[in-house]
Amino acid sequence: MNNILAIETSCDETAAAIVADGVAIKANIIASQIATHRRFGGVVPEIASRRHMEDIVPVVEEALATAGLAFPDLDAVAVTYGPGLVGALLVGLAYAKSLAYALDKPLIGVHHLLGHIYAGFLQYPHLPLPAVCLVVSGGHTNLVYLQSHTERRILGSTRDDAAGEAFDKVARVLGLPYPGGPELEKLARAGDARAISFPRAWLEEGSLDFSFSGLKSAVINYLHHARQIGTEVNRADVAASFQAAVVEVLVAKTIQAARQGAARAILLAGGVAANGALRGELTAAGQEAGVPVFCPPPILCTDNAAMIACAAYYQYLRRDFAPLDLNAIPDLTLY
Amino acid sequence: MLVLGVDSSTQVAGVALMDDDRLVAELFFNTQKNHSQRLLPMLAAMLREVGVQVADLDGLAVSLGPGSFTGLRIGLATVKGLAHPAQKPVAGIPTLDSLAWNAWEVPGLVCPVLCARRDEVYTALYRWQEGEICRLTPYQALDPHSLVTSLESYTQPVYFLGDGVTSYWEAWQSLGPRARFLPSTGTLPRAAQIARLGWQRLRAGAADDIFQLKPFYLRPSPAERQARSK
Ligand SMILES: [Zn+2]
């Protein structure tokens, strides 16, 4: 059995996981810092880095204890080396590198976005390829075409805000507490998605890129205008209408990408994949288009290390190991 | 007792190996600040050269700070990763204490100064007494001119060292002939001092707990500072 210990510290979760053979999650430990960052209204990089430093050893220890394994049982050490907050990445990376060196086991550097994608293979190891994967989180909005485990290309990306970032910013102007995305979804459930017609940014004909900053501005202008003329705003309607605008574009472009690439599956990944409206709409649209939609459970969609271990397993199989001078790359791109 | 010392608190990356009080090996790079890429490979190269494996180490020592926040974390995270599997004892050593050792037995005050951004230096004042270094003031972040003003109340010569020496050269000169400086070979942090002070600590059984050990930042994060001043 192949046991990979993975470490993920790219943002505000200190996470360690042990996954056997790329599918069996033996431990998936996440020390969240949400409570720490809440009073600042967002993730503070220096504070995140400090917390990772304090939590890294206890989190790894808990992963081993949960898995019932000891260090010698590990076959490789995997770590996220980008993209993310550089100071935060460096803590997990420096620890993972010296751990791999001390254990004399291979080191595997994993792209964070690839981790999100492989959350899908963790849950559905036989997910058919080629697949189109929509990765949506606070940091990313990408459509990725997966030809095989080694061949992939980016079909489209956001040109400004990430989808999750737009959720968080709109949640903030609606006065919702941090982190705003899930709060906004909750509020939207009580609203009418057709109440306000916010703009959809389709961009040029055929483009699979995204843009959410115009939509965000439209919401801010709407609230500002209402305040000026002194009308009461139905916040739930605003939330629902905003969410509908985001979801409609995400779903339509994903289906378009799946059709163009003759994809045999659609995979939804990233923190925003936990959004119920997005999951529901995409599943329905996939059904209509005859392409099955796969959504890993929310715990695997938000940042975690099990997804990193799964991605690392496929790298392990082809001996894609990293040298000890592996560096953190905050703006690492997916090739 | 084999003790590995690691220092990445400034632009210097250093690793050293002590066997009790014998310095076995040391690597020191004051070239570019690229600790994330360089620290572990140089550590591995040094141990390979002397035929020592991580498993052979009896303990590890690391420069705890104050210093560059990121540099301190790279050093400590590296040491935690090395020490964790076999639960090897670790000693976190105050960076300014280790620097003061570079000025061994100088006749007067020892004043390490490390660049701390915001036009301040991390500093503390020391004096040698019967072969032991005694710290006279708390660890502080101070602007160089306030530090010089506080030094005016002493009469002894003051030996400055650290990467803040050249950065604030004129400030130290303003102390007049009492200002003395360590030679360039002894002015920057040395992993050998970290390893040696670590050996002394570990020999006395005073290891730190790697489950809790964190850098000695001396300063809160800027966000916390702002939140406090509101
Ligand atoms: Zn993520």
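Domain bounds here come from an automatic or database domain assignment. With that in hand, welcome to the close-ups of this predicted model. Local features need pLDDT of at least 70, side-chain atom pairs count only at pLDDT 80 or more, and totals for chains, interfaces and linings use all residues; side-chain values use heavy atoms, leaving out hydrogens and water. Residues are numbered from 1 along each chain as its sequence is written, while chains are lettered from A and ligands numbered from 1 in the order in which they are written.

**View 1. Chain B falls into two domains.** Domain 1 of chain B spans 2-95 + 189-229, and domain 2 covers 103-186. Their centres, taken over C-alpha atoms, lie 23 Å apart. Thirteen residues of domain 1 of chain B and eleven residues of domain 2 of chain B make the contact (heavy atoms within 4.5 Å). As for confidence, chain B has a mean pLDDT of 96, with 100% of its residues at 70 or more (pLDDT is the predictor's confidence in each residue, from 0 to 100).

View 2. The size of an interface is often given as the accessible area lost when the parts come together. Between domain 1 and domain 2 of chain B, about 940 Å² is buried, and carbon and sulfur atoms give 58% of this area (buried area is the accessible area, with a 1.4 Å probe, that two parts lose on being put together, summed over both). On the domain 1 side, B:P66, B:L218 and B:R219 lose the most area, together 48% of what that side buries.

**View 3. B:R219 pairs with B:E120.** Look for the salt bridge between B:R219 and B:E120, where the closest N and O atoms are 2.5 Å apart (a side-chain nitrogen of Lys or Arg within 4 Å of a carboxyl oxygen of Asp or Glu). One salt bridge is found across this interface of domain 1 and domain 2 of chain B.

**View 4. Chain A also has two domains.** Domain 1 of chain A takes in 3-116 + 301-317, and domain 2 takes in 129-295. Their centres are separated by 28 Å over C-alpha atoms. In this pair, 15 residues of domain 1 of chain A touch 13 residues of domain 2 of chain A. The two domains of chain A bury about 1,200 Å² between them, 72% of it from carbon and sulfur atoms. A:L113, A:H116 and A:C301 supply 44% of the area that domain 1 of chain A buries here, more than any other three residues. The salt-bridge count across this interface of chain A is zero.

**View 5. Chain B meets chain A.** The contact draws 35 residues from chain B and 31 residues from chain A. Together the chains bury about 2,700 Å², with 68% of it on carbon and sulfur atoms. For the complex, the predictor gives an ipTM of 0.97 and a pTM of 0.95.

View 6. The closest N and O atoms of the A:E46 and B:R73 salt bridge are 2.9 Å apart. The count of salt bridges between chain B and chain A is one.
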